[in-house]
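Please go through the chain displayed here from its overall make-up down to single residues. The text is meant to be read with the model open.

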Amino acid sequence: AKFYGLGTAKALSRQHCVIFYRDAVGGRLGQYGEDSDDETLLYQPRKIEANPDSQNKSETENEDEIIKPDDKSGLPENGFFAIECVGKNKIVVGGKRVEQSQVAILEHGTTIKLASYSLYFLL
């Protein structure tokens, strides 16, 4: 995967959101870390919370915490692409607000609004 800059526009940062592939067992495949020159994809297995009363929702995801398209119920069985809002500024995915630490499913043609930029997720 290659990162394409937005020129001199400073309205977005790499800390705004992250797109990743989530497999059927909850693991993530994506680029993690601060080294922008490294294009290596890393697999992160699903994290299990030691304390189920923990308020840190970014550590684990269950089906109720993932924003799904309107016509879908449940999660895809074979895995899916998703976007997580990691910054304080919200994003809009498929017309739905995604706040900090929330995750939304991405499908072919899904619209993504980051600040004043509108994008389409294409497979």
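The paragraphs below treat the chain as a whole, then its sheet, a hairpin and the cysteines.

This is a predicted model, in which local features need pLDDT of at least 70 and side-chain atom pairs count only at pLDDT 80 or more, while totals for chains, interfaces and linings use all residues. Residues are numbered from 1 along each chain as its sequence is written, and side-chain values use heavy atoms, with hydrogens and water left out.

The secondary structure consists of 0 helices and 10 strands; helices (H or I, at least four residues) and strands (E, at least two) are DSSP runs, numbered from the N terminus. Of the 123 residues, 27% are buried, where buried means under 20% relative accessible area, exposed over 50%, and partly exposed in between (1.4 Å probe, protein chains only). The chain exposes about 8600 Å², and carbon and sulfur atoms supply 50% of this area. Accessible areas come from the Shrake-Rupley method with a 1.4 Å probe; for residues, only the protein chains shown count as cover.

An open sheet is formed by 6 strands in the order 3-2-1-5-8-4, with mixed pairing; two strands pair if DSSP finds at least two bridges between them. Strand 3 (42–44) and strand 4 (66–67) are at the edges, each with a single partner strand, so one side of each has no neighbour in the sheet. Strand 4 pairs with strand 8 (residues 103–106) in the parallel sense over 2 bridges, and I67 stands opposite A104 in strand 8.

Strand 9 (residues 110–114) can be followed side chain by side chain. In a regular strand the side chains alternate between the two faces of the sheet. Strand 9 runs antiparallel to strand 6 (residues 91–93), joined by 3 bridges, and L114 is the bridge partner of I91. Strand 9 is also antiparallel to strand 10 (residues 117–121), with 5 bridges, and T110 has F121 as its bridge partner. Strands 9 and 10 form a hairpin with 2 residues between them, and A115 in the turn has a positive phi of about 55 degrees.

How many disulfides are there? The count is 0, a disulfide being a pair of cysteine sulfur atoms within 2.5 Å. The sulfur of C17 lies 7.1 Å from the closest cysteine sulfur, in C85, which is too far for a bond. Both residues are buried: C17 has a relative accessible area of 18%, and C85 one of 0%.
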